[in-house]
Structures are given as C-alpha cells and as structure tokens.
Amino acid sequence: MLLAIDVGNTNIVYGLFDGGHLVHQFRVETSRRRTGDEYAAILQQLLAMHDVAVTDIDAAIIASVVPALTEPMLDLVRRTFNMEALVVGPGIRSGIAILYENPRDVGADRIVNAVAAFERFRAGLIVVDFGTATTFDCVSPKGEYLGGVIAPGVEISADALFARAAKLPRVEIAKPPRVVGRNTQHSMQSGIVFGYVSLVDGLVEKLTEELGFACRVVATGGLARLIAPLSRTIQDVDDDLTLTGLRILYERNRG
C-alpha cells in the first residue's frame, strides 16, 4: 500500500492507496508542537483501528505546506515503516510545466491539485481549494501551471469576524434559509456563505476572462460541498483531489 500524507495548516490527511484505489483516509489536527514519535503513535492507532498492519505499507509520499512539520513526517515514515518517503518539492517530476516566476514559491498542495485535476480532465482548469486559505490555481489546456490567486479561507474570515466584533456571536458556517437574514445568526451566515460564493464566482469569471480559454472549474477542500451547490461557476467537486495527486506523483517518480 502507498501512504499519502497531505500536511496542511489546519489538518494532516493520511490516505492509503491499494493500487489506484483509496481504501482509507484519516484526518488529524495539525500541531507544530508534536514530534515525529507522537504523530507515529497516532497513525499506528488509526491503522490498528482499521486492521491495517504496518507491514502493509510499502511506500510513502508527503506534500507539506508547513515546513516545521516536514521533518517530523519524514521521521514518522522512517521510524514506523523503515523507509524513506518521497517529498513533493523542487526536483520532483510533476509531468506539468510550472510557469510561476519562482517555481519554489508554489505550495506543494497547489501543484499536487493541478496534477490530479489535469490528469482527470485534460483541459484548461481552475482548481479552487477551500483550505485554510482558498486558492485558485490555473492550468492551461497544454497542462502548464500558470499561477493563480490566494484568498483568506472561509473559516479564517469567519474567525476574524467573531474575534473583532464584540457583540456578534460565533455561528455555525452553514447555508442560511435566505440571503436577507432576519436574525443575527442568519445575517452572519448569509454574509459568510453567500459572500464567499460571490467571491468565488467573481474571481473565477475574472480569471477566465484574463486566461482567454475555456476552463473546467473543480473544487476541493473542506467547505467545497457547502459552497459548490450555490456557485454558478464550480462544475465539479473532488474531495480526494490532493490525495489522488499524491498517488499520481508517486507513480511518476517511483524508482
């Protein structure tokens, strides 16, 4: 089995692939204070809960946007599985041309998402990832990574509102019954959810206009399933896009 590790600012997602099939997925909170040993203990417990033996894992790949956790993840793989993990970064064969001014500045997750989406659709793309930040990544019909947009994530924006407005309560991020809120909770939910839908649609339309070619718009990330049905521009949702991209990158770099 292949262990794919996606280290994000909010969560670390572990995916287990048997061939091309994602058989298990585990999500733990990102903590920069945990050591490799602590992460290894947590992962071993999760594997045991699903009757997966440590010896079933024979390869690993890591994409990390948290530099402080890259080495603990490598240590986890060494100590638990007695092997070295492939790390997404400079020098890895991605199969796509990266036309960013400095390719080293592009987050590993953004490249991984672009690889997975282009492998699936083979078309011009805008990939919208609803993570800690919301990113919009543009891929040409030739499979070139062109760059994109980074915006504050939905939860970051909501947390700032809760923290800075003393009289506003913390509310669930959920679709309200209508745009015109008739109480404080629904008014805040409308601003967060419908406001973000408008941000997404507005940026996608501006990107498409500037790119000058037709784009398939694919969403992924924690809140994609909340935002996508309300959006007029998002066409597909793929919850496993990043893990799938890691599997594809491992296969392209194996050996």
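This note comments on the strands, a helix and selected residues of the structure above.

1. Basis of the model. The model is predicted: local features need pLDDT of at least 70, side-chain atom pairs count only at pLDDT 80 or more, and totals for chains, interfaces and linings use all residues. Residues are numbered from 1 along each chain as its sequence is written, and side-chain values use heavy atoms, with hydrogens and water left out.

2. Strand S4. Six of the six residues of strand S4 (residues 59-64) are buried, where buried means under 20% relative accessible area (1.4 Å probe, protein chains only). Strands, like helices, are DSSP runs numbered from the N terminus, with at least two residues (E) for a strand and at least four (H or I) for a helix. Ala59, Ile61 and Ala63 are buried on one side of S4, and Ala60, Ile62 and Ser64 on the other.

3. Partners of S4. Six bridges pair S4 with strand S1 (residues 2-7) in the parallel sense; two strands pair if DSSP finds at least two bridges between them. Strand S5 (residues 86-87) also runs parallel to S4, joined by two bridges. Ile62 has Ile5 as a bridge partner and Val87 in S5 as another.

4. Crossover. A right-handed β-α-β unit is made by S4, helix H2 (residues 67-81) and S5. Right-handed means that, with the strands pointing away from the viewer, the path from the first strand over the helix to the second runs clockwise.

5. The mixed sheet. Six strands form an open sheet in the order S6-S9-S8-S7-S10-S11, with mixed pairing. Strands S6 (97-98) and S11 (236-237) stand at the edges with a single partner strand each, so one side of each lacks a neighbour in the sheet. Within this sheet, S8 (residues 133-139) and S9 (residues 144-152) pair in the antiparallel sense over seven bridges, and Thr135 stands opposite Ile150 in S9.

6. Asp129. This residue belongs to strand S7 (residues 125-130). Asp129 is buried but has no salt bridge, and Arg110, the nearest side chain of opposite charge, is 8.1 Å away. A salt bridge here is a side-chain nitrogen of Lys or Arg within 4 Å of a carboxyl oxygen of Asp or Glu; Lys and Arg count as positive and Asp and Glu as negative, while His and the chain ends are not counted. Leaving aside neighbours within four places in sequence, the residues in contact with Asp129 include Asp109, Asn113, Thr220 and Thr242, contact being heavy atoms within 4.5 Å.

Notes
Buried < 20%, exposed > 50% of the residue type's maximum accessible area, 1.4 Å probe, protein only.
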